[in-house]
Amino acid sequence: MPSAQHELVVQMLAAQPRNPDATVAEMRAGITQLAQLFPLAADVRAERVDAGGVPAEWVSVPQSRDDRVMLYLHGGGYVLGSPASHRELASRIARATQARVLGLDYRLAAERPFPAAADDALASYRWLLATGVPATQIVIAGDSAGGGLALSTLTAVRDAGQPLPVAGVCLSPWVELEITDAAIKANAVYDPMVDADGLEKMGRLYAAGNLRHPRAAPLYADYNGLPPLLILV
C-alpha cells in the first residue's frame, strides 16, 4: 500500500491547475512554482559549478562523503526543469546515500533539441573523471526524462570505451518517446502530473525527428555490459 506521505504528495500534485494548452514558458514557470512546495532543510548546501562546460550544482548535507558522488539528471520531459526544481529531491538523495549530488543544468528543448541534453550529460560525467573522481565512486541517476538520459549516458560511456560508473538508478525513466504503450492512457486517471498528449508533444520537441534513436529513446538501446541498474516505477 502507498504510504500516507505518498498519498499526501499525490493530493498536492493533483491540486495544481493543469492547462493542456499551456506554452513551454508557462509550463516552466509552473514547475518552478511547484518546487516551492518542497522547501530545503536548513543544513542543505547548494554550490554552483561548471561541469565540463555544463552549468551544474553540488548538493550536499553534513553526512555527504567526498568518496560518494551521484550525477543526477532531472526530469521534465527534456523541456522543463533544472537543478533548482529538483534541489529538494537531490538533498533527500544526498542524505539517504551520504553522497554528494551533482545536479546538471543540461540544455532543454525546444531551443536545444537532441542530442544537446545527451551530450551535456556525457560531458559532465567525463568532467567528473577528469577531476579525479574514480568511476567506482560514481552513480548516474535521474527521474522521468532524466532517467532516460541516465540510461543514454551509460550506453554512451560504454560505447566510448571509458570507465563505467558503479551503478545506475532510474526513477520512472522515460524510455519511449512515441507514447505507443496503451498503459499510459489506461493509467492516466491515476497520474497527477503527466498525460499522453503532453508527453507526445515533449517527445517531438526533444527528438527533432529522432524518436527511435537509442540515445534519445533508450528503449531501443543495447544494455550489454552496463553496470547494475536499479529501476523504480
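Let me begin with a convention: Ala, Val, Leu, Ile, Met, Phe, Trp, Tyr, Cys and Pro count as nonpolar, Asp, Glu, Lys and Arg as charged, and the others, Gly among them, as polar. The model I present is predicted, so local features need pLDDT of at least 70 and side-chain atom pairs count only at pLDDT 80 or more, while totals for chains, interfaces and linings use all residues. Residues are numbered from 1 along each chain as its sequence is written, and side-chain values use heavy atoms, with hydrogens and water left out.

I turn now to empty space. Rolling a probe the size of a water molecule over the atoms shows where empty space is left. On a 1 Å grid over the protein atoms alone, a cavity is a set of points where a 1.4 Å probe fits but cannot get out; a pocket is an open set with protein on both sides within 12 Å along at least five of seven lines; and lining residues have an atom within 4 Å of a point. Points are joined across faces, edges and corners, and a volume is the space filled by probe spheres set on them.

The second largest pocket has a volume of about 170 Å³. Its lining consists of Met70, Tyr72, Leu89, Arg92, Ile93, Ala96, Thr97, Ala141, Val169 and Leu171. By class, that gives 8 nonpolar, 1 polar and 1 charged residues. Helices (H or I, at least four residues) and strands (E, at least two) are DSSP runs, numbered from the N terminus. Strand S3 (69-73), H3 and strand S6 (167-171) each supply at least two residues of this pocket lining, and the largest share, 5 residues, comes from H3.

How many cavities of 30 Å³ or more does the structure hold? There is 1, and the largest cavity has a volume of about 50 Å³. Around the largest cavity stand Glu57, Val59, Tyr72, His74, Pro83, His86, Arg87, Ala90 and Gly103. These divide into 4 nonpolar, 3 polar and 2 charged. Strand S2 (55-60) and helix H3 (87-97) each give at least two residues to this lining.

Next, a pair of helices. The axes of H4 (residues 116-130) and H5 (residues 145-159) come within 9 Å and cross at roughly 60°; axes are lines fitted to C-alpha atoms, for helices over the stretch in contact, and angles run from 0 to 180 degrees between N-to-C directions. H4 is therefore oblique to H5, since angles under 35 degrees count as roughly parallel, over 145 as roughly antiparallel, 65 to 115 as roughly perpendicular and the rest as oblique. Ala117, Ala118, Ala121, Leu122 and Tyr125 in H4 meet Leu149, Ser152, Thr153, Ala156 and Val157 in H5, where contact means heavy atoms within 4.5 Å. The residues of this contact divide into 8 nonpolar, 2 polar and no charged.

Finally, the backbone. A cis peptide bond joins Ala109 and Ala110, with omega about 5°, and another cis bond, with omega about 10°, joins Phe114 and Pro115. Ala110 lies in the loop between strand S4 (100-104) and H4, and Pro115 is found in the loop between S4 and H4.
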